[in-house]
Amino acid sequence: MPNPQKLPDLVESIYDAGIDPSRWSDAVAGIRDFVGGQACGVFSKDSISKFGVTHYYCGADPHFIQLYADTHSKFDPLSVLPPHGRVVSVPDLVDFGEYRKGRFYQEWMQPQGCSDAANVVLEMSNASCPVMMTVLSGRRMVDRTMKDRLSLLVPHASRALLINRTMSAQLTLATALADVLDNLTAGIFLLDGLCRVVHANSAGQSLLAADDVVRSVAGQLVTSSMEANQMLRDALAGRGDAPPLAAGGHAMPLLSPTGERYVAHLLPLSSVLRNDSERVVDAAGALLLRKVSLGGPSYGELIARTFDLTPAELRVFLAIVEIGGIPETAASLGVAETTAKTHLHRIFAKTGVSRQADLVKLAAGFANPLVN
């Protein structure tokens, strides 16, 4: 049996397993040796179905691990669970004489050369399916020394499992969010207080690679508009004279050098971390940038229904958004400029906006946000 001075190293290995679950196999081997058992495992068992599954183990034949899951978990004496954190042996749970006559002992424990086991509930986040640890003692009975040694490790193993669960939940959430962001047509850029790109989704990376409406210069995001660049820097730096954009309530229309129209929104993030020098060291804002594209006739129909536009008004609306001003719109549609202006004034009245740039931003709200 290892010297008790090995306890600090064992505790360290348990917390290593909390951070890296692949290390649990080493941790349970260390626990088995420290406690003085033949085998050790971390498993969970459904209190209703009695189905049990072993997550990590050492010292046991895989055949018996599978046998436990397939058949013998329902014969396990752990039908009534001990209090959380309390180490119990088989005689603490059932009449030992009756237990030795039962299937669990006759078909599962005895063939492995074991008589008794120390059991403890480690984690109860799911009350109907707690996570437990068991140490099979071999031919001898579980004694006070074994229980005491296992008790020393219980708080650490419980915390390590909690760390596993927390990290797994965080990773699952982060992965799900990343999948959602990568399926958006809008480029999303997380920016720090110096307008440096902390992260970009797939659409954002494509926009940077195109080096058109936005680009990365020495790690900083730069747009095609000098005015927008200044607004972004003022807002992210949290300067006192920052424009209302800092509140996320305004949109910025952007025109790329190739003539394509975009709309950008800045969403300030409240979880800004600053050090003593007030330098932002985490994402201070999220910039959403998307190309103004109405995605086909169905989106035009939606806009027309929303604002009760006539077919002629809708054609002018779409032309203003996708082509440009009155002269270009009139030429594209083959109508007089006075006719285009008349329709535009009616569009303004129906939509409640008063500038062509506002129509561009309005149209962006009807664009399909998902990657087709």
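Is A218 buried or exposed? I looked this up before anything else. A218 is exposed, at a relative accessible area of 78%. My cut-offs: buried is under 20% relative accessible area, exposed is over 50%, and partly exposed is in between, with a 1.4 Å probe and protein chains only.

**Ground rules**

I am working on a predicted model, so local features need pLDDT of at least 70 and side-chain atom pairs count only at pLDDT 80 or more, while totals for chains, interfaces and linings use all residues. Residues are numbered from 1 along each chain as its sequence is written, and side-chain values use heavy atoms, with hydrogens and water left out.

**Entry: overall counts**

I counted elements for the protein and got 14 helices and twelve strands. These are DSSP runs numbered from the N terminus: helices are H or I with at least four residues, strands are E with at least two. The protein has 372 residues, and 42% of them count as buried. I then looked up contacts, meaning heavy atoms within 4.5 Å. Of the contacts with a separation of 6 or more, 59% are between residues 24 or more positions apart. The exposed surface comes to about 18,800 Å², with 56% of it from carbon and sulfur atoms. That area is from the Shrake-Rupley method with a 1.4 Å probe; for residues, only the protein chains shown count as cover.

**Entry: positive phi**

I went back to A218. A218 sits in the loop between β8 (214-217) and β9 (220-223). Its phi is positive, about 55 degrees, although A218 is not a glycine. Why did I note that? Most residues other than glycine have a negative phi. D308 also turned up, with a positive phi of about 55 degrees, and is not a glycine. I placed D308 in the loop between α10 (297-307) and α11 (311-322). D308 counts as exposed at 60% relative accessibility.

**Entry: cavities**

I searched the whole structure and found two cavities of 30 Å³ or more. A cavity here is a set of points, on a 1 Å grid over the protein atoms alone, where a 1.4 Å probe fits but cannot get out; lining residues have an atom within 4 Å of a point. Grid points are joined across faces, edges and corners, and a volume is the space filled by probe spheres set on the points.

The largest cavity has a volume of about 250 Å³. Which residues lie nearest its centre? They are F43, Y68, W108, T134 and L136, out of 22 lining residues. Several elements give two or more residues to this lining, including β1 (39-45), α3 (62-70), α6 (103-109) and β5 (131-136). The largest share, four residues, comes from β1. By class, I get 17 nonpolar, four polar and one charged. Nonpolar means Ala, Val, Leu, Ile, Met, Phe, Trp, Tyr, Cys and Pro; charged means Asp, Glu, Lys and Arg; the others, Gly among them, are polar.

The second largest cavity has a volume of about 50 Å³. I list K45, D46, S47, K50, L78, S79, L81 and M132 as its lining. That lining has three nonpolar, two polar and three charged residues.

V42 is in strand β1. V42 counts as buried, at 1% relative accessibility. Beyond neighbours within four places in sequence, V42 is in contact with residues including V28, Y56 and M133.

A203 lies in helix α8 (residues 202-210). A203 is buried too, at 15% relative accessibility. The C-alpha atoms of A203 and L184 are 7.1 Å apart, for 19 residues along the chain. A203 touches L184, T185, A186 and G187, leaving out residues up to four places away in sequence.

**Entry: side chain to backbone oxygen**

I looked at Q106 in helix α6. Q106 is partly exposed, at a relative accessible area of 40%. A polar atom of its side chain lies 2.7 Å from the backbone oxygen of R100. R100, K101 and P111 are its contacts once neighbours within four places in sequence are set aside.

T351 is in helix α13 (residues 337-351). T351 counts as buried at 13% relative accessibility. A polar atom of the T351 side chain lies 2.8 Å from the backbone oxygen of I347. With neighbours within four places in sequence left aside, T351 is in contact with F307, F317, L359 and L362.

Terms used. On a 1 Å grid over the protein atoms alone, a cavity is a set of points where a 1.4 Å probe fits but cannot get out, and a pocket is an open set with protein on both sides within 12 Å along at least five of seven lines; lining residues have an atom within 4 Å of a point. A polar contact is a pair of N or O atoms within 3.5 Å; within protein, one must be able to donate a hydrogen and the other to accept it, and residues adjacent in sequence count only if both atoms are side-chain atoms.
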